[in-house]
Amino acid sequence: MAKKEKTIEALLKEKRTFSPSKKFTEKAHVNSDAVYRRAKRNPEKFWEDFAKELDWFKKWRKVLSWKPPHAKWFTGGKINVSYNCLDRHLSSERKNKAAIIWESESGESVVLTYWDLYREVNRFANVLKGLGVKKGDVVTIYLPMVPELAIAMLACARIGAPHSIVFGGFSAESLSGRINDSKSKVLITSDGGYRRGGIVPLKKNADDALKRSKSVKKMVVVKRVGSEAKVRMKKGRDYWWHDLMENSHAYCEPERMDSEDMLFILYTSGTTGKPKGIVHTTGGYLVGAYATTKWVFDLKEEDTYWCTADIGWVTGHSYIIYGPLANGATSLMYEGAPDYPDIGRFWAIVEKYAVTIFYTAPTAIRAFMRWGEEHPQKYDLTSLRLLGSVGEPINPEAWIWYHTHIGGKKCPIVDTWWQTETGSILISALPGITKLKPGSATLPFPTIEADIVDEDGKTIKEGAGYLVIKSPWPSMLRTIYGDPERYVEQYWSRFPGMYFTGDGAKRDKDGYLWVLGRVDDVMNVAGHRLSTMEVESALVDHPSVVESAVVGRTDQLKGQAIVAFTTLKKDLKTSAKLVGDLRQHVAKKIGAIARPDEIIFTAELPKTRSGKIMRRLLRNIAEGSVLGDTTTLADPGVVKELKEKYEDKE
Ligand code: WTA
């Protein structure tokens with residue numbers, strides 16, 4: 001049996017359940033399942049009640065306008081996200097509360113209170129204005145996990161300039177592609193970033209990117225590394241962050257944004273080679289991020305909340321910055337890797353700040369598990385009261401380990417399913433009321449009509465199928481930037497009238513949902529989304545390669561590993577050096593996260609008679625499972641040869 005099937009089987013056999021303690025329930029924001037019934041009776045009112053907890057310059061006229069597949073939320077409302085994350089907390093005791101606690105890789109810390117952050121954001125908003133940025137202009141941000149990243153994004157929100165954040169691990173070429181698609185005129189980066197003690201040359205990558213991205217006229221550079229980074233500043237184009245901030249005024253009027261004005265674009269991998277710019281707007285997104293942070297993480301005034309994601313991904317947008325700050329919480333932001341300088345790093349941070357809520361990815365949990373519980377055991381983790389998981393299915397063993405060794409058997413675990421496109425969590429336990437089953441994301445958030453359907457879009461009451469969402473929610477993506485048709489095609493055409501997630505899932509007899517993973521050509525490698533096509537394009541760009549087909553294979557640690565079946569130009573010989581070169585080439589084109597784990601050379605790729613690469617077959621070979629039906633193959637011998645080669649390697 002294939003490894004993947006085994007994992008899924010183990011998942012579905014899991015029978016243990018965990019109910020919240022009485023003590024937890026008593027204090028929880030949500031302590032009765034009446035919320036589901038109330039939400040069902042009047043979904044719009046449910047969201048409107050959350051919207052009322054935020055500060056609006058002008059109230060909305062209509063909660064929802066739904067012309068499928070286009071939704072507008074809180075139309076007519078005027079609101080500013082930075083105002084809601086900052087200004088509105090200043091009139092209470094939150095003014096001097098820590099908004100962001102930043103911990104560097106090497107152990108320094110910076111605490112920004114709400115008042116500090118407010119001042120910094122205002123000053124940087126004025127800097128942006130001084131550089132000519134106006135409402136509606138897209139600003140690209142390519143920064144490591146430093147406080148300036150939070151400041152920059154909130155400053156953009158303040159003046160109504162949508163940000164497009166590009167993960168610092170992406171290459172110059174990926175950065176340039178995203179700049180060109182969004183046509184942004186300003187880029188914010190740093191001289192470098194620290195990763196496991198080494199320096200990531202962000203400014204150098206940015207310089208390379210700008211050779212191909214002519215829309216950018218101004219670059220702001222944060223000094224993080226200093227002289228070691230050896231950057232060159234281009235006169236008239238490049239400015240140091242600290243120089244610009246020096247004389248910048250500490251107040252900038254927040255822009256009165258329409259609820260449906262764009263807040264940000266975030267590029268994510270789809271099923272084609274080109275990442276899609278997911279568009280999120282202002283009012284609905286904020287309401288979604290605010291409400292889910294409050295309820296799913298049961299966030300309270302006194303919590304110290306830590307989400308370990310990078311802000312370059314959607315999890316960091318919604319659950320390090322916008323959701324927690326809109327709630328007036330203390331959000332911890334960590335610069336570095338979980339295993340640097342040693343594998344106790346995360347637990348040292350939990351102890352240092354007495355973190356109460358901890359949110360991470362299964363891939364990290366599996367790594368901790370492999371390293372052994374003796375490491376967390378060296379630290380005091382008793383401050384923790386709630387744990388979260390996101391990014392990929394969590395296998396029951398990892399769930400139990402997390403519960404036992406990190407949560408001390410007392411913390412509920414919220415396994416949160418969502419996507420860049422959904423903007424906020426759509427499937428998750430509500431920790432005060434939900435009986436947990438390890439490996440299941442449990443139930444849809446109130447009002448969310450998640451369903452499992454078959455090929456024809458018919459509901460499957462109990463069993464596996466495609467995961468769809470049948471009604472709009474406030475933080476849903478509004479479109480794909482510059483490609484409205486692809487929005488309709490990609491998400492709303494596979495099953496008419498339903499949002500197709502791209503995931504497969506199963507529903508059990510209690511109605512619990514078990515997300516099984518992607519059913520399209522998107523891979524999930526260590527919680528990072530990558531398309532097979534992106535990696536293929538990078539490989540065929542190498543002068544030695546004629547053709548390549550990439551598939552994801554089950555990996556114990558990373559969830560999925562990248563396997564690239566590759567055909568070389570005639571007469572070229574395979575060698576370990578060539579494998580290394582090809583892997584490096586992909587890292588250079590996309591980023592290190594896309595580097596194939598395995599490259600398998602083959603004289604030809606298996607294709608159907610109509611010339612389509614048979615990915616299912618390749619996946620089966622990569623998983624080491626038996627071959628399926630090969631009669632539609634042009635030359636079945638190819639597959640046999642491939643399979644033998646694969647087995648030889650083991
Ligand atoms: C997967 C990350 C199972 C899923 C927030 C989805 C999950 C993709 C879970 C989105 C979970 C995310 N259980 N699978 N709790 N959370 N996924 O856009 O395949 O980077 O479609 O957003 O991650 O990845 P994205």
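Before sorting residues by class, I wrote down the rule: Ala, Val, Leu, Ile, Met, Phe, Trp, Tyr, Cys and Pro count as nonpolar, Asp, Glu, Lys and Arg as charged, and the others, Gly among them, as polar.

**Ground rules**

I'm looking at a predicted model, in which local features need pLDDT of at least 70 and side-chain atom pairs count only at pLDDT 80 or more, while totals for chains, interfaces and linings use all residues. Residues are numbered from 1 along each chain as its sequence is written, and side-chain values use heavy atoms, with hydrogens and water left out.

**Entry 1: around the ligand**

I got 17 residues, and the closest are Asp415, Thr416, Thr420, Asp503 and Arg529. Sorted by class, this shell has six nonpolar, six polar and five charged residues.

Which helix and strands each supply at least two residues of the shell? They are helix 12 (314-326), strand 20 (413-416) and strand 25 (513-518). Helices (H or I, at least four residues) and strands (E, at least two) are DSSP runs here, numbered from the N terminus.

Next came polar contacts, meaning pairs of N or O atoms within 3.5 Å; within protein, one must be able to donate a hydrogen and the other to accept it, and residues adjacent in sequence count only if both atoms are side-chain atoms. An N or O atom in the side chain of Arg529 is 2.8 Å from an oxygen atom of the ligand. On the backbone side, a polar atom of Glu392 is 3.4 Å from a ligand nitrogen, and a backbone N or O atom of Pro393 lies 3.5 Å from a nitrogen of the ligand. How much of the ligand does the protein cover? It covers 96% of the 530 Å² of accessible area that the ligand has on its own, with areas from the Shrake-Rupley method and a 1.4 Å probe.

**Entry 2: Arg518**

I then clicked on Arg518, which is in strand 25. Leaving aside neighbours within four places in sequence, Arg518 is in contact with Gln419, Thr501, Gly502, Asp503 and Arg529; contact means heavy atoms within 4.5 Å. Its side chain also makes a polar contact with the side chain of Asp520, at 2.6 Å.

Two strands pair if DSSP finds at least two bridges between them. An open sheet of eight strands has mixed pairing and the order 12-11-8-6-7-14-15-23.

I found Val139 with His163 of strand 7 as its bridge partner. Helix 7 (147-159) packs on this sheet, touching strands including strand 6 and strand 7, and its direction makes about 170° with that of strand 6. Such angles run from 0 to 180 degrees between N-to-C directions, and the axes are lines fitted to C-alpha atoms, for helices over the stretch in contact.

Strand 4 (98-103) and strand 5 (109-113) run antiparallel, with five bridges, whereas strand 4 and strand 17 run parallel, with four. Ile101 has a bridge partner in both: Val111 in strand 5 and Leu332 in strand 17.

Most residues other than glycine have a negative phi, and most peptide bonds are trans. I listed some exceptions. The bond from Pro68 to Pro69 is cis, with omega near 0°, and Pro69 lies in the loop between strand 1 (62-67) and strand 2 (70-75). The bond from Tyr340 to Pro341 is cis too, with omega near -5°. Asp298 has a positive phi, near 50°, and is placed in the loop between helix 11 (283-296) and strand 16 (304-307).

Key: Near = heavy atom within 4 Å.
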